[in-house]
Amino acid sequence: MTRVLVVDDAATVRLYHTSLLREAGFEVAEAANGLEAVEAAMTTPFDLFVVDVNMPKMNGYACVETLRSETVGTAAPVLMISTEDRPGDADRAYQAGANLYLVKPVAAERLVRVATMLTTGKDPAA
């Protein structure tokens, strides 16, 4: 089963993303900030990270940089989802190591489709 770590400090957003991904057949764990995500990634392999940008303790950019660093060293895809929609926000995410950057709100069908594409390389709508 494909394992996903949903990282967001907003419990309602975590619950929403987790519910959608579980209904689609993913095994989902949660973290409330970047630091918790890094700790989880050091003990459990994940196939996909869904990461918010603005979080306490460690923001999403620092989280992704740490996930990509030698400390954690994961090559699993990272989908960043944020309310940040200023010029340069997506570029900063890609520079940190994200594979895709989406702006909230993300429609349920789109989240599941993108998660499937990032973990299987196949478009479930095709």
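**View 1: Helix 1 (residues 11-23) lies across strand 1, strand 2, strand 3 and strand 4 (78-82).** Helix 1 runs at about 170° to strand 2 (axes are lines fitted to C-alpha atoms, for helices over the stretch in contact, and angles go from 0 to 180 degrees between N-to-C directions). Helix 3 packs on the sheet too, touching strand 3, strand 4 and strand 5, and its direction makes about 175° with that of strand 4. Helices (H or I, at least four residues) and strands (E, at least two) are DSSP runs, numbered from the N terminus. You're looking at a predicted model, where local features need pLDDT of at least 70, side-chain atom pairs count only at pLDDT 80 or more, and totals for chains, interfaces and linings use all residues. Residues are numbered from 1 along each chain as its sequence is written, and side-chain values use heavy atoms, leaving out hydrogens and water.

**View 2: Here are the 5 strands of the open sheet, in the order 2-1-3-4-5.** The pairing is parallel, where two strands pair if DSSP finds at least two bridges between them. Ignoring direction, neighbouring strands are turned by 20° against each other on average.

**View 3: Zoom in on strand 1 (residues 3-7) and strand 2, joined by 5 bridges.** The two strands run parallel. Follow Arg 3 across to strand 2 and you meet its bridge partner, Glu 27; do that for Val 6 and you land on Glu 30. Strand 1 is largely enclosed by the rest of the structure, because 4 of its 5 residues are buried (buried means under 20% relative accessible area, exposed over 50%, and partly exposed in between, with a 1.4 Å probe and protein chains only).

**View 4: Asp 52 sits in the loop between strand 3 (48-51) and helix 3 (60-68).** With 5% relative accessibility, Asp 52 counts as buried. Its side chain makes a polar contact of 3.4 Å with the side chain of Lys 104 (a pair of N or O atoms within 3.5 Å; within protein, one must be able to donate a hydrogen and the other to accept it, and residues adjacent in sequence count only if both atoms are side-chain atoms). Setting aside neighbours within four places in sequence, the residues in contact with Asp 52 include Val 7, Asp 8, Asp 9, Gly 60 and Met 80; contact means heavy atoms within 4.5 Å. An unreviewed UniProt entry annotates Asp 52 as "modified residue: 4-aspartylphosphate", and annotations of this kind may be inferred rather than shown by experiment. That record also marks residues 3-119 as "domain: Response regulatory". Over residues 3-119 the chain is 44% helix and 20% strand, and the end C-alpha atoms are 9 Å apart.

**View 5: The largest nonpolar core holds 24 residues.** Phe 49, Val 51 and Met 80 touch the most other members. A nonpolar core is a set of buried Ala, Val, Leu, Ile, Met, Phe, Trp, Tyr and Cys residues joined through side-chain atoms within 4.5 Å. Strand 1, helix 2 (34-43), strand 3, helix 3, strand 4 and helix 4 (89-96) each supply at least two residues of this core. Helix 3 gives the most, with 4 residues. A second, separate core has 16 residues, among them Val 4, Val 50, Leu 102 and Val 114.

View 6: Gly 34 is buried, with a relative accessible area of 0%. Beyond its neighbours within four places in sequence, Gly 34 is in contact with Val 7, Met 55, Met 58 and Cys 63. Asp 91, on the other hand, is partly exposed at 47% relative accessible area. The C-alpha atoms of Asp 91 and Tyr 101 are 8.7 Å from each other, with the two residues 10 apart along the chain.
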